[in-house]
Amino acid sequence: MRIVHLSSEFAPIAKAGGLGEVIIGLSRKLVRLGNFVEVIIPKYNFIDSNKLNNLEVDLPDFKCLGHSNTMWKAGVEGCALHLLEDHHPAKYFQRDEIYGFDDDIARFTYFSRAALEYLRLKNEPIDVLHLHDWHVSLCAPLVKDLFKDLMVKSVVLSIHNLEYQGKCAVHDLDLIGMNGAEYLRAERLMDENPNFPHSINLLKGGIVYSDAVIPVSPSYAKEILLPEFSFGLQSTLKKAAHKTRGILNGIDTTIWDPSKDKSLVSTYSLETVTKGKQKNRESFDLDLHKRPWVGAVTRLVPQKGPDLIIEAIEKTIELGGTFLLLGSSPIAEIQEQFNQVQKKYQGNPQVLLNYNYDDQLAHLIYGALDLLLVPSRFEPCGLTQLIAMRYGTVPIVRSTGGLKDTVFDCDDPSVAVEKRNGFTFADFTKKSMCSALERAFHLFRTDPTSFHTLIRRGMQSDFSWKKPALEYQKIYAQTSMKSKAPQKTLKERIDRLADTA
Ligand code: ADP
């Protein structure tokens with residue numbers, strides 16, 4: 001099958017969180033399964049071209065809405081990575097960050113349309129156009145309406161986070177050459193919120209117009225049908241239920257491999273995990289005797305439970321452990337809260353608070369921790385608990401979304417014994433979180449054998465892309481078989497070749 005992913009991220013060159021990792025991990029696996037995989041992302045300013053093999057111009061100059069663009073291409077892990085460089089006066093992607101600009105709507109709607117203009121010029125049949133999140137959701141209505149001539153058999157949308165939807169005005173659609181008013185209808189892109197009857201919702205467009213909708217875990221697929229998790233799209237999601245199916249993300253087991261990880265001071269396997277972690281801990285300027293080491297590697301946004309993380313820092317110190325936090329907040333008030341915590345614990349050898357985005361340090365932290373805390377309010381899939389388990393770090397998670405599908409409490413009699421691999425708590429409260437933390441401390445200190453059993457179960461689990469990629473492949477096959485997309489006849493193709501010769 002020929003599969004084209006459209007995304008705003010691609011790890012490691014353009015990664016803000018889990019999305020970038022998912023795109024490379026899934027693509028790599030799909031290539032191994034014999035598919036031809038292409039990925040199109042914006043050519044951000046900060047992308048280090050030296051990290052890309054054979055980067056070359058693919059199409060030097062093509063137009064989108066009268067503006068020039070250049071498409072670049074590079075081979076990455078067997079897939080063709082395309083990078084769209086815009087020459088728009090607003091310099092949409094000549095920025096130092098992926099997100100967070102006032103014109104994000106204009107940037108990504110432009111990217112969506114320009115990517116389709118490129119595919120139109122390439123004029124090659126595509127089995128699946130796979131869209132990821134709101135940034136490229138507009139491609140679904142565009143393909144079905146303005147780009148009907150594209151030979152795309154099916155459009156699949158993965159929802160990595162329903163919280164971000166790309167809400168905008170009718171005028172924003174006009175700006176990229178659509179008749180915005182046409183889409184302001186309940187059965188099209190009109191936002192469901194009755195207080196904003198003139199709003200367009202790009203993610204809704206993706207849900208309505210795609211042939212399949214994939215939330216990134218089975219539990220999240222169920223939860224988003226409830227008012228508290230649907231972020232206002234309950235009715236749209238209910239209508240799309242017949243074509244919706246949750247598929248759990250995997251992790252890229254070549255990037256995340258404690259036995260080969262170059263970012264670790266000491267690599268290790270299940271047999272050497274205790275010694276290896278000890279060596280990794282020695283590289284930090286912290287008290288090695290205050291155990292267990294607990295930590296979190298996360299964006300500090302309300303979804304991730306920042307208040308619970310602060311509480312966990314306090315509780316860990318009180319219980320005589322050590323806490324390592326790697327993460328920062330795009331929200332000033334939350335960052336300020338953490339700055340206060342930083343001040344309070346300045347110089348304390350039981351605490352490391354690092355507010356940068358640091359991939360290498362993240363690896364080292366996973367390789368040093370005993371316990372990883374993920375106290376999310378909601379979690380579409382979550383990768384950090386999967387990475388942690390692969391690194392022999394026992395997760396403590398709030399039971400929601402993908403966390404619920406991957407972490408099973410060691411004291412839960414309703415779960416088969418061999419499946420139990422961590423600590424979970426149900427309520428999004430400090431009390432509930434602290435009680436799980438205390439149970440983890442207790443097991444760590446009083447029953448090392450049972451604690452090691454949890455480490456073993458995590459390290460022996462298969463969180464690779466093998467199973468999820470096969471599930472995606474099944475959806476691709478089902479949706480593209482039903483397709484009524486235009487397919488060029490041999491004569492049409494020969495005529496076109498003659499035209500371009
Ligand atoms: P998100 O909602 O942010 O996508 P996930 O759990 O799906 O959450 O994925 C987060 C990914 O980003 C993980 O690979 C994690 O290690 C990484 N990450 C998060 N914060 C940082 C940081 N400050 N520095 C380095 N890596 C980070």
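The model is predicted, so local features need pLDDT of at least 70 and side-chain atom pairs count only at pLDDT 80 or more, while totals for chains, interfaces and linings use all residues. Residues are numbered from 1 along each chain as its sequence is written, and side-chain values use heavy atoms, leaving out hydrogens and water.

Let us start with the overall layout. The domain assignment gives domain 1 (2-250 + 466-500) and domain 2 (273-460); such bounds come from an automatic or database domain assignment. Between the C-alpha centres of the two domains there are 33 Å. Domain 1 puts 20 residues into the contact and domain 2 puts in 18 residues, where contact means heavy atoms within 4.5 Å.

How much area is buried between domain 1 and domain 2? About 1,400 Å², with carbon and sulfur atoms giving 58% of that area. Buried area is the accessible area (1.4 Å probe) that two parts lose on being put together, summed over both. On the side of domain 1, the residues that lose the most area to domain 2 are K15, S219 and L248, together 24% of what that side buries.

K15 turns up again in a salt bridge: its side chain meets that of D359 at 3.8 Å, N to O. A salt bridge is a side-chain nitrogen of Lys or Arg within 4 Å of a carboxyl oxygen of Asp or Glu. Across the interface of domain 1 and domain 2, the rule finds one salt bridge. The two domains also have seven residue pairs in polar contact, both residues being at pLDDT 80 or more.

Which elements give two or more residues to the side of domain 1 that touches domain 2? They are helix 1 (18-32) and helix 7 (218-223), and helix 7 gives the most, with four residues. Helices (H or I, at least four residues) and strands (E, at least two) are DSSP runs, numbered from the N terminus.

**Around the ligand**

There are 21 residues around the ligand, and G18, E21, R299, Y366 and L383 come nearest; a residue counts if one of its heavy atoms lies within 4 Å.

| Residue and its atom | Ligand atom and distance |
|---|---|
| K304, side-chain N or O | oxygen, 2.9 Å |
| N356, polar backbone atom | nitrogen, 2.9 Å |
| L383, polar backbone atom | oxygen, 2.9 Å |

**Salt bridges and backbone details**

The structure holds 34 salt bridges. One of them joins K73 and E56, whose closest N and O atoms are 3.9 Å apart. Because K73 lies in strand 4 (residues 67-76) and E56 in strand 3 (residues 56-64), the pair ties together parts that are 17 residues apart in sequence.

The loop between strand 3 and strand 4 holds L65, which has a positive phi of about 50 degrees although it is not a glycine.

Finally, look for the cis peptide bonds. A11 and P12 are joined by one, with omega about 0 degrees, and P12 lies in the loop between strand 1 (2-6) and helix 1. The bond from R291 to P292 is cis as well, with omega near 0 degrees; P292 lies in the loop between helix 9 (273-282) and strand 11 (293-297).

Note on methods:
Polar contact = N/O pair within 3.5 Å; in protein donor to acceptor, adjacent residues only side chain to side chain.
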